[in-house]
Amino acid sequence: MSSDSSSTSGGEFTNPNPSPNSTSKPLEDQFASAALTEPDNEPPEIQESPNGVANGSVGENSHGEIESNEREGAVGSNLEARQSVRWRRTNSEVEVEAPSSPSSSGYAGERGSSSGSGSSGGFDMIGGGIGGGDDEEIQEVSNVDSIQDSQASWMPGKRHVDEAKERGQRGIYYGNIVMIEVGVGNRDGEGFQCSTTISDPVMVVVVLVALVVAVTMVTELVDDASLSWRKRKKHFFILSNSGKPIYSRYGDEHKLAGFSATLQAIISFVENGGDRVKLVRAGNHQVVFLVKGPIYLVCISCTEEPYESLRGQLELIYGQMLLILTKSVNRCFEKNPKFDMTPLLGGTDVVFSSLIHSFSWNPATFLHAYTCLPLAYATRQAAGAILQDVADSGVLFAILMCKHKVISLVGAQKASLHPDDMLLLANFVMSSESFRTSESFSPICLPRYNPMAFLYAYVHYLDVDTYLMLLTTSSDAFYHLKDCRIRIEMVLLRSNVLSEVQRSMLDGGMHVEDLPTDPLPRSGTLSPHLGQPRDSHESLREPFVGIGGPAGLWHFMYRSIFLDQYVSSEFSPPINSPRKQKRLYRAYQNLYASMHDKGIGPHKTQFRRDENYVLLCWVTQDFELYAAFDPLADKAVAIKTCNRVCQWVKDVENEIFLLGASPFSW
Amino acid sequence: MGMSAATTAAEGIKFCIFDLRRGQQEGQELDKILFFFPADLPFSAQLSVIGLSEGLITFTRIFSPEAACEVIEAERHSHVFYEAEPDIWMVMVVEKNESEAIWRIDALRKVLKEVHSLFLMFHGSIRTLIEKEPAGGLIRSHLYPFIMDYLSDFLLGKKLQLPSFRDCLKERGTVQMLTVSREAAIEVQSLVRMLESFAGNTQFYSLILFQDLLVSTTLSPVDTINLFTYAVLRLTPRALSSGVSSWSYLRKGSTASNVATGSILAQSASVSEQNFRSRDTSPPGGVNSHHIARPLQPDRWSKGKDGFLVTDIWGAEASGSTLATPTIWLQQTEERVYVCAYQYRSLTLILLVPVASILNGEQGVSVVKQQILENASLKMLKIEEKLSKGWAGENAYHVSGYRYLLVDGDRDVSRASPPGKVTTLTKESLLALSKVREEVDLEKGRMEHDNAGQEKDLEVCIRAKNNAWVIARITKGKELYMVLEKANETVLYASDAVEKFSNRYCNGAFSLD
């Protein structure tokens with residue numbers, strides 16, 4: 001029935017502006033998507049699309065071709081390779097069982113528990129009602145209203161209950177309107193009579209409000225799961241411009257169709273007014289919108305992060321999606337606005353949730369720089385030399401990493417790698433379990449390098465944390481890259497690079513307690529580890545435990561502008577619990593946003609003191625320094641300490657940065 | 001309803017008030033709208049603004065039930081929300097397509113708060129007026145002229161000039177005080193006591209201003225702010241002499257241009273009145289036969305021969321011989337009071353006489369007035385002389401080298417560099433400070449929402465790209481904002497400067513030790 005209504009209405013819906021982005025069309029889709037209960041059958045249609053692999057035009061791949069690429073890769077390589085090519089599918093099975101998967105604990109999971117109660121029907125009925133019988137819908141809504149009364153106990157506070165009830169009443173009425181409109185089209189079979197009225201802003205308003213009200217009731221009244229869902233501190237949603245859910249951090253995106261339609265309605269409503277919504281603020285909550293062609297990204301957060309950070313995070317999520325699919329996925333939407341993208345991203349939930357997790361601990365997500373594993377200069381040189389060897393033999397990028405830190409990286413000729421691409425690639429590899437178990441050859445896209453084209457990544461873990469990534473444009477380079485890897489691995493083993501890496505992992509990076517009090521003698525022999533003799537130091541550090549470094553220095557981050565790299569001190573007391581680390585991280589985010597205002601920034605210096613920290617920031621043409629001190633720290637001494645930190649970083653830059661081999665210096 | 005001058009005058013600004021409890025029947029959505037500016041915008045466009053607002057209010061309540069939508073930032077517009085009364089929302093939409101149109105949301109919300117507070121003072125709550133006449137004609141006929149008159153003060157040339165980043169060293173909704181010598185303070189005190197003695201068994205309230213600055217008040221803080229705001233807008237000597245620009249840092253300059261452009265708004269008003277009338281379901285003439293006072297109408301107050309300020313805004317008395325004395329509502333005590341304003345040179349005395357305390361209306365008021373003339377006028381003369389002698393003029397509160405704003409949130413008092421001095425700052429410095437204030441606004445908002453109870457203590461000191469120091473200090477309910485151009489480059493210099501200022505002018509409130 002619902003598909004009926006949408007198809008009959010489709011023709012006349014495209015009213016005010018005939019662009020594909022006009023409100024009316026998405027609205028139609030909302031009805032369709034709200035009413036559909038089964039997954040639709042678009043994916044097979046995509047698979048039928050002709051594959052363009054034969055002509056080797058990597059840049060022109062659409063989804064259908066992604067699949068066939070994988071298949072071809074499988075055909076052309078040995079068993080091992082095929083296994084890795086199929087990682088995505090096997091992966092998805094693994095993730096469903098993974099206890100850490102947010103969807104298992106989120107909205108969808110808990111929702112099932114109350115399915116027996118009348119309220120659970122409310123969701124579907126409201127959705128279905130929009131496309132179907134009006135009487136039923138009203139009943140359902142009022143039904144929900146009464147149920148809500150009985151469930152009032154879990155509502156926080158009486159006032160809220162009243163409000164909800166009021167809204168519920170309004171909802172009855174609004175639901176009614178929408179339904180009557182659609183119902184006319186259904187019963188008379190004479191197309192969508194209200195197509196003209198809907199294009200009328202008045203009706204659009206009514207529909208928008210109706211949708212919002214419907215969703216409010218859905219999320220408010222269905223069951224307790226929705227309460228816990230609403231109380232999540234940070235939601236991320238990806239949806240299509242027709243309102244189809246693509247990804248949701250919490251809850252099953254398929255069950256959030258109505259919610260997704262509301263987000264879409266808001267975006268396209270503002271768009272229809274010739275504008276573009278960026279941010280909605282309500283109390284401690286922010287709703288941040290990002291439109292990327294046919295893809296809409298939304299973040300709803302009460303984490304006190306600045307708008308610029310949240311928007312940057314949406315950009316990264318979009319980038320992560322491109323890394324998996326390339327931008328050519330847009331064409332699927334051009335062909336079919338109701339295209340369902342979720343199957344394409346099947347099994348990649350864990351990639352997104354790991355990225356989202358990194359938004360609260362990895363400074364690279366807002367500094368737009370990468371960080372290196374501290375290593376002796378010679379060790380890094382040795383690693384760089386062998387990577388350079390393979391880069392000369394047709395590898396686009398050769399990257400050796402340990403967790404999220406770079407050991408060495410080399411790019412062919414003029415190719416440069418953006419730090420954001422490295423972040424997304426590393427996240428993709430580290431979050432996918434299958435990469436750990438075997439060598440893999442997988443199509444990936446580097447959105448900053450070329451958002452339209454797939455590259456092929458040969459990934460192999462050399463030990464638990466250390467992995468090698470070789471990127472190429474050629475889809476049949478698996479054997480060649482495998483050979484390269486064997487060569488690299490041999491050299492790394494022979495030159496002890498891997499054991500050095502292990503040691504560095506144990507030793508950690510720069511500790512604020514180690515900040516030299518005097519300018520360091522420049523002779524390199526004295527400093528086995530970051531300018532400090534390591535063993536004698538352990539005893540020295542003892543008295544500082546619990547109070548951080550000198551002058552109340554707790555932590556710092558130093559970003560080299562030219563190198564696109566940053567170094568961050570290890571967390572030490574009193575910033576030793578994850579909660580405290582996250583809070584400091586958020587404070588840095590705020591400081592960064594404050595310093596880098598789009599209109600008037602960047603500022604030169606900032607001193608900021610609140611009840612938690614003294615923060616100092618210093619931005620020059622060459623570097624940026626962010627330092628956190630005890631809130632009682634003396635200003636003058638803190639400034640001096642910052643100068644010493646800068647000096648210290650310069651003294652040990654050979655060990656903490658990848659020098660000379662910067663991807664941009666080619 | 002074609003193009004009128006009003007649309008061009010108000011380009012980029014929309015301002016509406018709507019009631020979420022109204023217009024819930026199909027086809028009656030227009031009923032929600034209590035006020036819309038510009039009034040000649042097609043109904044469909046008006047409804048679109050209100051529909052989006054309502055949609056987002058509902059949507060945001062899903063996640064934030066206690067505090068619904070406060071602002072929508074879009075690429076080209078900011079929509080600022082304020083829930084003036086339960087379910088009665090004020091929304092202002094401002095365009096940001098030019099280099100001057102950079103807004104601080106909190107400053108815009110303060111405009112909404114101010115106009116609502118003033119409305120409460122003169123007409124009572126919006127809800128009450130709606131309940132009085134559910135068709136809505138009554139509230140609309142009150143709101144429209146009131147808000148249009150209020151907006152006329154923001155007209156500069158042909159444009160409505162709302163507070164932008166250039167006003168970041170101002171704080172609306174606060175009172176500016178005159179610093180008074182001990183001697184003068186004693187005189188003022190005795191005047192206030194004398195005024196109170198007129199009341200007999202009841203209580204009179206008084207507010208005394210020198211120029212545009214407050215000298216004394218016996219009102220509650222909220223009523224003080226409202227009446228002070230009104231006095232500076234319409235009653236003080238500068239407000240009376242139209243054409244002379246006010247130096248009060250909260251008021252836009254040239255009143256002269258208001259006269260010219262006031263007609264544009266008036267024209268728009270007439271368009272709208274027609275609209276609203278045609279929308280009314282009440283019998284024609286029913287509502288409109290009432291006289292509706294327009295307390296904010298410009299240039300309607302004047303100084304009478306006896307020194308009392310008079311206006312025909314409230315019409316004449318039944319007998320027609322004398323003009324009716326204005327009355328206002330006090331929020332604190334919820335009583336209606338007569339407003340008697342007496343002016344001697346720069347000194348303005350506003351005496352508030354509870355309506356309930358006077359049995360015979362205007363006659364009783366004139367008795368009180370007589371008492372003022374006989375007993376208080378001499379005292380006022382003396383006080384005026386003293387204050388004038390000690391008054392250093394409009395740059396009295398300038399501190400050389402500093403551009404500052406000092407806000408005492410507990411007392412709703414602010415003091416700032418004179419506007420003439422603030423204009424010497426570069427655009428970059430003002431933008432930077434406006435941004436910092438926005439950050440601070442967010443922090444303060446979080447404190448409110450979290451209800452933590454603890455007081456915010458914050459110090460931000462930024463060296464901007466143009467080498468100006470931009471400083472914000474929040475401590476114990478007090479806020480200090482400062483721009484130092486041409487200052488030394490070290491943070492220590494900047495904090496020294498704050499320290500000196502704090503010790504000399506803020507009793508060390510912002511000093512570190």
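An open sheet of 10 strands runs in the order 12(A)-11(A)-15(A)-14(A)-13(A)-17(B)-18(B)-19(B)-15(B)-16(B), and the pairing is antiparallel. Its edge strands are strand 12 (565-568) of chain A and strand 16 (413-416) of chain B, each of which pairs on one side only. From one strand to the next, the twist averages 5 degrees. Keep in mind that this is a predicted model.

Where do the chains join within this sheet? Strand 13 of chain A is joined to strand 17 (residues 458-463) of chain B by five bridges, and the two run antiparallel. One residue pair to look at here is Arg609(A), which stands opposite Glu459(B) in strand 17 of chain B. At the chain B end of the order, four bridges join strand 15 (residues 403-408) of chain B to strand 16 of chain B, again antiparallel. There, Asp408(B) stands opposite Val413(B).

Now the helices on the chain A part. Helix 26 (residues 578-595) of chain A lies across strand 11 (553-560), strand 13, strand 14 (614-619) and strand 15 (623-629) of chain A, and runs at about 40 degrees to strand 14. Helix 27 of chain A lies across strands 11, 12, 13, 14 and 15 of chain A, at about 130 degrees to strand 15. Asn643(A) lies in helix 27. Is Asn643(A) buried or exposed? Asn643(A) counts as exposed, because it has 11 C-beta neighbours inside 10 Å. Between Asn643(A) and Trp618(A) there are 10.0 Å in space, C-alpha to C-alpha, and the two are 25 residues apart in sequence.

On to the contact between the chains as a whole. In total, 54 residues of chain A are in contact with 51 residues of chain B. On the chain A side, the elements giving two or more residues are helix 11 (158-188), helix 13 (201-221), helix 15 (257-272), strand 3 (277-282), strand 13 (605-609) and helix 27 (635-651). Helix 13 of chain A gives the most, with 11 residues. By class, the side of chain A that touches chain B has 23 nonpolar, 13 polar and 18 charged residues.

Next, a helix pair inside chain A. Helix 16 (residues 307-325) and helix 21 (residues 419-431) of chain A pack at an angle of about 65 degrees, with their axes 10 Å apart. The crossing is right-handed. From helix 16, Leu316(A), Gly319(A), Gln320(A) and Leu323(A) meet residues of helix 21 including Leu424(A), Leu425(A) and Phe428(A). The residues of this contact divide into five nonpolar, three polar and one charged.

Last, chain B. Strand 8 (residues 205-210) of chain B is mostly covered, with six of its six residues buried. In a regular strand, side chains alternate between the two faces of the sheet. Here, Tyr205(B), Leu207(B) and Leu209(B) are on one side and Ser206(B), Ile208(B) and Phe210(B) on the other, all buried. Strand 8 of chain B pairs antiparallel with strand 14 (residues 347-354) of chain B over six bridges, and Ser206(B) stands opposite Leu351(B) in that strand. Strand 8 of chain B also pairs antiparallel with strand 9 (residues 213-217) of chain B, over four bridges, where Leu207(B) has Thr217(B) as its bridge partner. This hairpin has two residues between the strands, and Gln211(B) takes a positive phi near 50 degrees.

Terms used: Residues are numbered from 1 along each chain as its sequence is written. Chains are lettered from A and ligands numbered from 1 in the order in which they are written. This is a predicted model: local features need pLDDT of at least 70, side-chain atom pairs count only at pLDDT 80 or more; totals for chains, interfaces and linings use all residues. Two residues are in contact if their C-beta atoms, placed from the backbone, lie within 7 Å. Ala, Val, Leu, Ile, Met, Phe, Trp, Tyr, Cys and Pro count as nonpolar, Asp, Glu, Lys and Arg as charged, and the others, Gly among them, as polar. Two strands pair if DSSP finds at least two bridges between them. Axes are lines fitted to C-alpha atoms, for helices over the stretch in contact, and angles run from 0 to 180 degrees between N-to-C directions. A crossing is left-handed if the near helix is turned anticlockwise from the far one by less than a right angle, and right-handed if clockwise. A residue is buried if 20 or more other C-beta atoms lie within 10 Å of its own, exposed if 12 or fewer, and partly exposed in between; C-beta atoms are placed from the backbone.
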